[in-house]
Amino acid sequence: MKIKIIIFSIISVVLTATFILVRNSLYTRKNLELTYDGAYYDSETSSEYGQWHYEKTYAGYEYYLFIPEKFRKDVSNENAKLPLIVVFHGSGEKGASLGKYGRKFINEEFQKNIHPEGAAVLIILSRINYFTDPKGTSLLIQNICIKNKCLDKTNIIGYGFSQGAKFVVELACAEPALFRAVISGSGFYNITRKELISVLPVQFYSAVSENDKGIFEQGCIVGRLCGRWCKNSYYKQYEQRWHFWVELDDKLADGDETVMDWLVKIVNFSEK
């Protein structure tokens, strides 16, 4: 009898230890290996636009990059460790993306609160009216990090609205090591079980509205899945907000904390 109890105890310990190891492995982010590609690194054209730096790469991607003034002439400063907010606009919004989304991330209050050194902001313009090609977009972000060593490749946040919200989730699934967190408003992506397992370490805030017909029916599914299973993640469902983008003062699903409160904790948490 004692032998059976001992054997049972040993098996229980082994199974528990195995479960913990597997769970920790699934919820631990892998390192993002940066891949240099000249078509995504080199510029066909570049210019300054107020606080933004504009570039068009030979791969055909256009983007605006904001770097806090302190590091604008010191982009090779690897000690800066600036978090990077990557913004994906909605369908047909290329011309409005700077004013509609960019200003909320570069204003003084956000920059002061998000991180001791502020944050870099990258607005990628879709090559057509909507985003495609997760692999190419990932390469673009990687090469921007290679070019600007002041950016922290372990601290990249994706933010998307509408079709951009769909794409940012798709991109996270295609490159699970890319984003530390993803903010998705009024979007959907038909995530597979395999993809869900791959993004368990990514932290999601997803939000949709019940009267956003055609988006809600699908968006609520991926939102609930990511909110339930992914690390430190939330899903928020509204009754009547129509087609909306996430505001930083929106409340989380379980209390008075805001999206900004959640984001500050994520950005300033050391994963080492």
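Buried means under 20% relative accessible area, exposed over 50%, and partly exposed in between (1.4 Å probe, protein chains only). The model is predicted: local features need pLDDT of at least 70, side-chain atom pairs count only at pLDDT 80 or more, and totals for chains, interfaces and linings use all residues. Residues are numbered from 1 along each chain as its sequence is written, and side-chain values use heavy atoms, with hydrogens and water left out.

**Exercise 1.** Determine whether the faces of strand 7 are covered or open, and identify its pairing partners.

*Solution.* Strands (E, at least two residues) and helices (H or I, at least four) are DSSP runs, numbered from the N terminus.

Step 1. Strand 7 spans residues 181-185, and five of its five residues are buried. Ala-181, Ile-183 and Gly-185 lie on one side, Val-182 and Ser-184 on the other, and both faces are covered.

Step 2. Two strands pair if DSSP finds at least two bridges between them. Strand 6 (residues 151-161) pairs with strand 7 in the parallel sense over five bridges, with Gly-158 opposite Val-182.

Step 3. Strand 8 (residues 203-209) is also a parallel partner of strand 7, over five bridges; here Ser-184 has Ser-206 as its bridge partner.

**Exercise 2.** Locate the salt bridge of Glu-55 and state which parts of the chain it links.

*Solution.* A salt bridge is a side-chain nitrogen of Lys or Arg within 4 Å of a carboxyl oxygen of Asp or Glu.

Step 1. The partner of Glu-55 is Lys-147, at 2.9 Å from N to O.

Step 2. Glu-55 belongs to strand 2 (residues 52-57) and Lys-147 to helix 5 (residues 134-147), 92 residues apart.

Step 3. Glu-55 has a relative accessible area of 7% and therefore counts as buried.
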